[in-house]
Amino acid sequence: MGRHRKPPTVTVRRSSVIALTGLVPTGIVAVTAISEVDTLATSAAAVQAPGVAQVEQSAGLQTVAEPVVTTDFIAHALAKAAPTATPVVKTVALPAGRQAAALPAGPMGVPGVAVAAYQNAERILAAENPVCGMPWSLLAGIGRVESTHAFGGKADADGNPLSPVYGPVLDGSLGGNQVVADSDDGALDGLAGSDRAIGPMQFLPQTWKHYAADGNGDGIADPQNLFDAALTSGRYLCDGGLNMRDLAQQSRAILRYNHSMAYVANVMAWESSYSTGVAPRPGDLPRI
């Protein structure tokens with residue numbers, strides 16, 4: 001997606017993130033995936049999956065389940081597995097007819113299996129990169145904007161979506177999206193000729209191959225798996241020694257996903273919502 005430009009470092013208060021959206025030209029907020037390090041994940045505004053309607057970011061999203069704060073999601077069996085240092089990068093073919101995970105919903109109605117994946121990534125990152133200070137709620141904010149947590153928790157108990165999650169084909173046919181030539185021979189995104197974003201955290205194949213992590217300890221880094229995708233997203237955001245406790249550095253990290261302050265505002269609004277149990281206001285969710 002071209003050369004990537006580094007956003008300026010600014011001191012940001014969470015309450016001022018929305019105001020910063022005015023600094024972004026109208027054309028930028030429609031751009032997908034511009035990274036400082038590599039080609040990045042695309043915006044959830046363009047995520048598509050067979051048979052699944054896209055969930056709009058609107059005031060209606062504030063009608064959510066009451067937070068469930070007493071469940072220890074880290075107790076999920078997959079959250080106890082140790083990650084593999086050098087996993088095999090591939091997408092695992094799974095049978096049809098699998099059932100969605102039955103874990104209870106977490107704060108603000110986040111599907112339980114997604115919370116387990118995000119908290120598992122937080123735990124692993126706290127041990128391997130304590131400087132980053134990655135909170136699970138930030139990963140949940142990314143997951144909310146990118147795929148609505150695998151389309152509202154349509155994933156089995158192992159964290160695998162019931163149907164693969166793909167973004168649009170980046171061949172120039174969709175306005176606002178750049179052309180990205182094939183980088184994986186279709187091994188991860190199932191396409192030849194062009195790439196598309198993959199999995200619930202929406203990575204482009206070449207970016208996935210660079211950061212791929214095994215979140216559930218099965219020796220495989222599968223971009224479709226919630227546990228793998230959450231840990232990979234955390235490593236991607238933390239890369240370069242960034243500290244998520246510093247809101248300016250956190251904003252800089254989020255911009256790696258989508259170079260748009262409207263995107264940053266949305267992610268931070270959901271991050272705050274998941275950590276406080278208070279639904280974001282419509283004004284906190286500017287159009288991306």
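Modeller: I begin with the residues through which two helices touch: A114, V115, Y118, Q119, A121 and E122 in α2 meet W136, L139, A140, G143 and H149 in α3. Contact here means heavy atoms within 4.5 Å. Sorted by class, the contact of α2 with α3 has seven nonpolar, three polar and one charged residues. In this scheme Ala, Val, Leu, Ile, Met, Phe, Trp, Tyr, Cys and Pro count as nonpolar, Asp, Glu, Lys and Arg as charged, and the others, Gly among them, as polar.

This is a predicted model, in which local features need pLDDT of at least 70 and side-chain atom pairs count only at pLDDT 80 or more, while totals for chains, interfaces and linings use all residues. Residues are numbered from 1 along each chain as its sequence is written, and side-chain values use heavy atoms, with hydrogens and water left out. Helices (H or I, at least four residues) and strands (E, at least two) are DSSP runs, numbered from the N terminus.

Helix α2 covers residues 112–128 and helix α3 residues 136–153; their axes come within 9 Å and cross at roughly 140°. This makes α2 oblique to α3, since angles under 35 degrees count as roughly parallel, over 145 as roughly antiparallel, 65 to 115 as roughly perpendicular and the rest as oblique. The axes are lines fitted to C-alpha atoms, for helices over the stretch in contact, and angles run from 0 to 180 degrees between N-to-C directions.

I turn now to the charged pairs. The structure holds three salt bridges, each defined as a side-chain nitrogen of Lys or Arg within 4 Å of a carboxyl oxygen of Asp or Glu. R235 forms one with E128, and the closest N and O atoms are 2.7 Å apart. This pair links distant parts of the chain, as R235 belongs to helix α5 (residues 226–238) and E128 to helix α2, 107 residues apart. R235 is partly exposed at a relative accessible area of 24%, and E128 is also partly exposed, at 40%. Buried means under 20% relative accessible area, exposed over 50%, and partly exposed in between (1.4 Å probe, protein chains only).

Another salt bridge joins R98 to D156, with the closest N and O atoms 2.6 Å apart. R98 lies in the loop between β1 (88–89) and α2, and D156 in the loop between α3 and α4 (205–211), so the pair ties together parts that are 58 residues apart in sequence. D156 counts as buried, at 7% relative accessibility.
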